[in-house]
Amino acid sequence: MVKSLTAASLCKALIFWKARLRLMDWQIQTSIARCHVLGSGTLGDTTFGPPGKRQAKIQLLDQRDVDGQGFWFDGETWDWELSLVHELLHVHTTDIWPSGRPKPDDPVRIAEERAVDVISKALVGLARQRKR
């Protein structure tokens, strides 16, 4: 069962996952965003600061907006910790796109999304097994 998404739980998870993913040299802000901000079917989003500044802002879907959503990628379900790790992995892949990320239907971007998705599920799954 997924624990509730609160500002405190998000902050605690960010500290844990930044260390685990070796992103401590990044300034990463997180926030909880409503569906109308993120866009329908979006679980999370990352925007980056100026090139070379190692700054990112991650927004995760507000729990209040989960019911009735159809998520766009491989039948995803809402799990905010998984979404956080997914978005943090995009911080590592940002250098792949020096001119900015291509459109969502670009084959290379789809491949990146699939890789980030599988890796995030594996990492969160392993972390949860260790907590048992």
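Arginine 22 is found in the loop between H1 and E1; helices (H or I, at least four residues) and strands (E, at least two) are DSSP runs, numbered from the N terminus. The model is predicted, so local features need pLDDT of at least 70 and side-chain atom pairs count only at pLDDT 80 or more, while totals for chains, interfaces and linings use all residues. Residues are numbered from 1 along each chain as its sequence is written, and side-chain values use heavy atoms, with hydrogens and water left out.

Phi of arginine 22 is near 55°, a positive value in a residue other than glycine. Arginine 22 is exposed, at a relative accessible area of 72%. Here buried means under 20% relative accessible area, exposed means over 50%, and partly exposed is in between (1.4 Å probe, protein chains only). Arginine 54 also has a positive phi, about 55°, although it is not a glycine. Arginine 54 is placed in the loop between E2 and strand E3 (55-61), and counts as partly exposed at 41% relative accessibility.

Next come the aromatic rings. How many aromatic pairs does the structure hold? There are two. Rings of Phe, Tyr and Trp (its six-membered ring) pair if their centres lie within 6.5 Å; planes under 30 degrees apart count as stacked, over 60 as edge-to-face and the rest as tilted. Phenylalanine 16 and tryptophan 17 form an edge-to-face pair, with 5.0 Å centre to centre and 85° between the planes. Phenylalanine 16 is partly exposed, with a relative accessible area of 33%, whereas tryptophan 17 is buried at 0% relative accessibility.

The other pair consists of tryptophan 26 and phenylalanine 48: the ring centres are 6.2 Å apart and the planes are at 70°, so this pair is edge-to-face. The pair links distant parts of the chain, 22 residues apart: tryptophan 26 is in the loop between helix H1 (7-20) and strand E1 (27-33), and phenylalanine 48 is in strand E2 (residues 44-48). Tryptophan 26 is buried, at a relative accessible area of 11%, while phenylalanine 48 is partly exposed at 33% relative accessibility.

Charged side chains also meet the rings. A charge sits over a ring if NZ of Lys or CZ of Arg is within 6 Å of the ring centre and within 35 degrees of the ring normal. Arginine 20 lies over the face of tryptophan 17, at 6.0 Å from the ring centre. Lysine 131 lies over the face of phenylalanine 16, at 5.8 Å from the ring centre.

Helix H3 (residues 80-93) has 14 residues and reaches 20 Å from its first C-alpha to its last, close to the 20 Å expected at 1.5 Å a residue. The expected span is 1.5 Å times one less than the number of residues. Because 13 of the 14 residues of H3 are buried, the helix is largely enclosed by the rest of the structure.

A disulfide is a covalent bond between the sulfur atoms of two cysteines. A search of the whole structure, taking a disulfide as a pair of cysteine sulfur atoms within 2.5 Å, finds zero disulfides. Cysteine 11 is partly exposed at 43% relative accessibility, and cysteine 35 is buried at 18%.
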